Amino acid sequence: MGYLQAITILSGCNLLAVMGMAVLTGYTGLFSIGHAGFMALGAYMGGILAKELGWHLVPCLLGAGMFSGIISLGIGYPAFRSRLRGDYFAIATLGFAEALRLLLNNIHSIGKIRLGGAYGYMDLPLLKDMTFLPDWAVVVLVCLIALWVTHMFVTSQYGMNCIAIRQDEAAAQMMGVDLLRTKLLALFVSAFLAAIGGALLAFYFGYINPSFFGIQRSSDLLAAVVFGGIQSLIGPTITAILIVAVPQLLLTFAIYRFIVYGLLFVVVMVFRPEGLFGYVQMNSRWITRLWRRNPASGME
Amino acid sequence: MDWELFQQQLVSGISIGAIYSLLAVGYALVYSVYNFTNWAFDGFMVFGTFMGFSAIISLALPLWLAVIISICLTVALSVTVETTSYRPLRLRKAPRLFMMISAMGVNLAIVNTLNLIYGGLFRRFPFEDLEPIFLGGISIGRMDLIAMVISAAVLVLLWGFLYRTKLGLGILASSVDILTASLMGINNNAVAIAVFTITGVLSSVAGLFFGMKYAVYPTMGSITIKAMIASIIGGLGSLPGAVIGSMILGVLETLVAGYISSTYRDMFSFAFLIVMLLFLPNGIMGKSMEEKL
């Protein structure tokens, strides 16, 4: 049971970051290859707030999210203002994540705060001590809240603006969508969610290390969104959970994992660029359909 | 400031810049024609190095034969990747980012397959250490010198190919406007195969040098990120820019490692990348890279 809980927590933390990526990539059409950097920011900031300042869980998560979001604006503003090509933005995020990881590897302490450099930031408060709920329940709860909020966001006017930008930037601008503000908002939301995922990860382990947030995690996140599909929340949610759970459950598969990812990237791009669940919306119609007497009537 | 130490650093910087420039030119070439960043370069380079390494270690072939085998196999891989993973996307007129993702996938698959086969160990080419040459007060490693000379020769050959042959001019024309070029009777598929043959050769040569200079290991391809940074400094899509950018990056990096600390070397490169992207996205010699309508 503990094993299943661990998988739930790990996939939950990834899921939060993937939801952020879904808003950024799946809805707004901006690719980020360095989203693990935002998770790292959240993990370290959450750790500092909880350990050094003794904040409670919820303010810690919100604080970590805000911090990461504000940093993301610092990268996003110059990048979007100069209308960088999409792949330049992706490379910039990669540079950001790598520079941050190397920086964290070499910072041993800031004032009294002992970040520990490559040894990692230790003795963080544990998730199960911070609340009265068991740790997996906290993660599931946070994920559900985040999923609901993200769903609200993408179905709102802001979300519509994001979709318009992904489909055709020039047309969106002509219709009066403020490109800079909408892209920054999407980046902010995605960095915020990734940071919450990172902070929860830190509180689960009670320990963080810069190597948790390397290129491999960024490819995990990107894989979840690319396989999950564009303009869909439920698709990336499913793939995010699968991507953590499958290698954990089938340990012999784990060594082939990145080879399979790699080939799947190519196959998805060549044969099904909209992803496995592209354009599939989250709804509860299938639940009501289960209750109908005649399932066929719900199919139209 | 110690003048001799500075000169020494300059020479080391240029020699690492020479290896970067081979890779950066490869990035720039693909970018100039197809407008996407060929992330699979990393994989090509590691593949080429391991093939050369295996030819020497397992088959006990002489060096020149191993180099030829490595180049041929890498070219075969590069062209196969082009026809299976990039061309279908191009024909469908998919967004450039899709090609980038596809290339990342190819890269992940190649590097991890090699990791599975060879393991993550650091290996060395079975060469004895060559005596460095002393020029005045500075020493130059012979390997560095060979790398510089051969890189320069490869770049000159490439320049000759691009500007003096029909196919090379076809590539240059395609880099201006691929559609018009094909209307003018330039065979698009021949251009694609030529471009990816060149990138195969460049990545294999660069990989062999890098492997001989340092070590052979599956994640050695991470230096291609440096080459990408170099080509962005020079202006993506510009071949002379890629060479200049590589030299600048190589020298600056060595100076940072020498005068500040080698732990900050990579961080400096990435920070430099971000500063370049944010404030001078067109690089030193690049065309305007703003998104056009």
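Which residues have the most contacts inside the largest nonpolar core? I started there. The model is predicted, so I kept its limits in mind: local features need pLDDT of at least 70, side-chain atom pairs count only at pLDDT 80 or more, and totals for chains, interfaces and linings use all residues. Residues are numbered from 1 along each chain as its sequence is written, and chains are lettered from A and ligands numbered from 1 in the order in which they are written.

**Core.** I found 184 residues in the largest nonpolar core, and Leu16(A), Ala195(A) and Ile196(A) have the most contacts inside it. Such a core is a set of buried Ala, Val, Leu, Ile, Met, Phe, Trp, Tyr and Cys residues joined through C-beta atoms within 7 Å. Buried means that 20 or more other C-beta atoms lie within 10 Å of the residue's own, with C-beta atoms placed from the backbone. H9(A) supplies the largest share of this core, 17 residues. I then listed the neighbours of Ala195(A). Leaving out residues up to four places away in sequence, Ala195(A) touches Phe38(A), Met39(A), Leu41(A), Gly42(A), Met45(A), Ala64(A), Gly65(A), Phe67(A) and Ser68(A). Contact here means C-beta atoms, placed from the backbone, within 7 Å.

**Helix pair.** I looked at H3(A), residues 57–81, against H9(A), residues 179–205. Their axes come within 7 Å and cross at roughly 145°. Axes are lines fitted to C-alpha atoms over the stretch in contact, and angles run from 0 to 180 degrees between N-to-C directions. The crossing of H3(A) and H9(A) is right-handed. I sorted the residues of this contact into 17 nonpolar, 5 polar and 2 charged. Asp, Glu, Lys and Arg count as charged, Ala, Val, Leu, Ile, Met, Phe, Trp, Tyr, Cys and Pro as nonpolar, and the others, Gly among them, as polar.

**Interface.** Chain A puts 35 residues into the contact and chain B 36 residues. On the chain B side, H3 (63–91), H4 (96–118) and H11 (265–279) each give two or more residues. H4(B) gives the most, with 15 residues. I noted 24 nonpolar, 8 polar and 4 charged residues on that side.

**Chain B.** I recorded 11 helices and 2 strands. Helices (H or I, at least four residues) and strands (E, at least two) are DSSP runs, numbered from the N terminus. The radius of gyration is 19 Å, close to the 19 Å that the globule rule gives for 293 residues, so chain B is as compact as a globular protein of that length. The radius is taken over C-alpha atoms, and the rule is 2.2 Å times the number of residues to the power 0.38. Of the 293 residues of chain B, 49% count as buried.

Note on methods
Two residues are in contact if their C-beta atoms, placed from the backbone, lie within 7 Å. A crossing is left-handed if the near helix is turned anticlockwise from the far one by less than a right angle, and right-handed if clockwise. A residue is buried if 20 or more other C-beta atoms lie within 10 Å of its own, exposed if 12 or fewer, and partly exposed in between; C-beta atoms are placed from the backbone.
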